[in-house]
Amino acid sequence: MVTSSSVPRLVIAAPSSGSGKTTVATGLMAAFAERGLAVSPHKAGPDYIDPGYHALATGRPGRNLDAFMCGPELVAPLFAHGAAGCDLAVVEGVMGLYDGAAGRGELASTAQVAKLLRAPVVLVVDASSQSRSVAALVHGFASFDPQVRLGGVILNKVGSDRHEAMLREALEEAGTPVLGVLRRAPQVATPSRHLGLVPVAERRADALAAVAALADQVRSGCDLDALLALARTAPPLTGGAWSAEAALAAVPMRPASAGGNPAGRGGGPLIAVAGGPAFTFSYAEHAELLRAAGAEVVTFDPLHDEALPEGTTGLVIGGGFPEVYAPELSANEPLRAAVAAFAAAGGPVAAECAGLLYLARSLDGKPMCGVLDADARMSERLTLGYREAVAVSDSPLAAAGTRLRGHEFHRTVVEPGAGAAPAWGFTHPERRVEGFVRGNVHASYLHTHWAAQPSVAARFAAAAADFAAAGR
């Protein structure tokens, strides 16, 4: 019997960004799923958007494996959790194979994830401007770290039969198996904008068609049998799978106030999570942790729903692209008023990045919820990178002094950048305060992964239960 620790697996990597990892990884996931295999999709690093395409390809939640935010020790357990019951796992890498957190060596690199998973690597090479030199390139990547097992290459953007023959001849001399050859195919390219691919939720019908086209391209150009055989060479992992219940069991739980939650339909606090096209960024483990903490989790769409779900006692507004939908979000005045009233009544609110913008007074001049005395606008400057942070103020998410790691990724500015009670103080790579804690509201640009700090979910669920018990 295949257990979660022995699931066949591949890591899809590349020499650099833009080589075609997402094309190949998503196409492989879809092609193998079409064969009837249960495919577990994973993404190295903090990216939220690619996992949406992975989920379309496989019918399973796309999950992230981030050794910076969660620590190397959680990579294999989180993988085993996501891959439980599957026939194959495909992990899409991040940036170039050996690129990781700046100044931290291999930390959070695709190579580190591959080593932690004991998984063979398939290198996707953009061959559009080279022939025999491809052998030197691949040899360098294969020999740079002997602990990284390069199982073969997939050549992308190959121009012709003659070009393919030259590439194959060079790699045959180098002893590296060619597991696939993909020709230039702009018709299956997925659209992108300032922060990467356009999320699935914004273009679902087109995204389904794009994933189907990627599956066709990969099926016709790759040796699926050889790739599956390579995946099956991955040895079993040691240790068990992560579980939300076990993670919370290790957290000292603060009991909620007496009285239960009369509003929650399932008997626990009801936490409403923003979704829809404007709020697409979330990690699957967040909802799993909240449910394990006794909460009921319900999704709502701020673009269309004019009220919060009935009985809401906690509100989570994650990341996404509200700047794209600022007019529509602003036009939904009933929901903006409901969010403001909920926050004013002391309801616990956790807002990350897009959520921060939505809670501001305005976004690009359009009225938002007005929960925060701040205004947001688009900027020419991209803010991007890992952060080490400490909670500055007590909030529904964390007690002051709590330390964690996160990630910033935005091309907007909020003015002021921090309130009288800031959310976080960044300690690396720069020192500054950021975000807002106001009443029971925590709003910040920082994306966090709660599996690394399950006390966040426990504390938020308890705050939601307290709010319900108070009868507000």
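**A walk through the predicted model**

Pro 429 sits in the loop between S18 and strand S19 (432-434). Helices (H or I, at least four residues) and strands (E, at least two) are DSSP runs, numbered from the N terminus. This is a predicted model, in which local features need pLDDT of at least 70 and side-chain atom pairs count only at pLDDT 80 or more, while totals for chains, interfaces and linings use all residues. Residues are numbered from 1 along each chain as its sequence is written, and side-chain values use heavy atoms, with hydrogens and water left out.

Stay with the prolines. A cis peptide bond joins His 428 and Pro 429, with omega about 5°. Another cis peptide bond links Glu 415 and Pro 416, where omega is about 0°. Pro 416 lies in the loop between S17 and strand S18 (424-428).

Step back into strand S17 (residues 403-415), which holds Thr 412. Is Thr 412 buried or exposed? Thr 412 is buried, at a relative accessible area of 3%. The cut-offs are these: buried means under 20% relative accessible area, exposed over 50%, and partly exposed in between (1.4 Å probe, protein chains only). Leaving aside residues up to four places away in sequence, Thr 412 touches Glu 323, Leu 357, Arg 377, Met 378, Ser 379 and Tyr 445. Contact here means heavy atoms within 4.5 Å.

Now the sheet. Six strands form an open sheet with mixed pairing, in the order S11-S10-S12-S13-S21-S20. Its edge strands are S11 (296-300) and S20 (436-438), each pairing on one side only. From one strand to the next, the twist averages 15°. Two strands pair if DSSP finds at least two bridges between them. Strand S10 (residues 270-274) and S11 run parallel, joined by 5 bridges. Within S10 and S11, Ile 271 stands opposite Val 297. Helix H12 (residues 333-344) lies across S11, strand S12 (312-317), strand S13 (349-352) and strand S21 (441-444). H12 runs at about 115° to S12. Axes are lines fitted to C-alpha atoms, for helices over the stretch in contact, and angles run from 0 to 180 degrees between N-to-C directions.

Turn to the charged pairs. How many salt bridges does a search of the whole structure find? The search finds 23 salt bridges. Each is a side-chain nitrogen of Lys or Arg within 4 Å of a carboxyl oxygen of Asp or Glu. Glu 34 and Arg 219 meet in one of them, at 2.3 Å, N to O. Glu 34 lies in helix H1 (residues 21-34) and Arg 219 in helix H7 (residues 204-221), so this pair ties together parts that are 185 residues apart in sequence. Glu 34 is partly exposed at 48% relative accessibility, and Arg 219 is partly exposed at 35%.

Arg 132 and Glu 173 form another salt bridge, with the closest N and O atoms 3.4 Å apart. This pair links distant parts of the chain, 41 residues apart: Arg 132 is in the loop between strand S5 (121-126) and helix H5 (133-144), and Glu 173 is in helix H6 (residues 161-174). Both Arg 132 and Glu 173 are exposed. A network of salt bridges links Asp 161, Glu 164, Arg 168 and Arg 183.

The rings come next. The structure holds 8 aromatic pairs. Tyr 48 and Phe 281 are stacked, at 4.8 Å centre to centre and 5° between the planes. Rings of Phe, Tyr and Trp (its six-membered ring) pair if their centres lie within 6.5 Å; planes under 30 degrees apart count as stacked, over 60 as edge-to-face and the rest as tilted. Tyr 48 and Phe 281 are both buried. Tyr 48 also stacks with Tyr 283, at 4.5 Å centre to centre and 20° between the planes. Tyr 48 lies in the loop between S2 and H2 and Tyr 283 in the loop between S10 and H10, so this pair ties together parts that are 235 residues apart in sequence. Tyr 283 is buried, with a relative accessible area of 3%. Ring pairs link Tyr 48, Phe 281, Tyr 283 and Phe 321 into a cluster.
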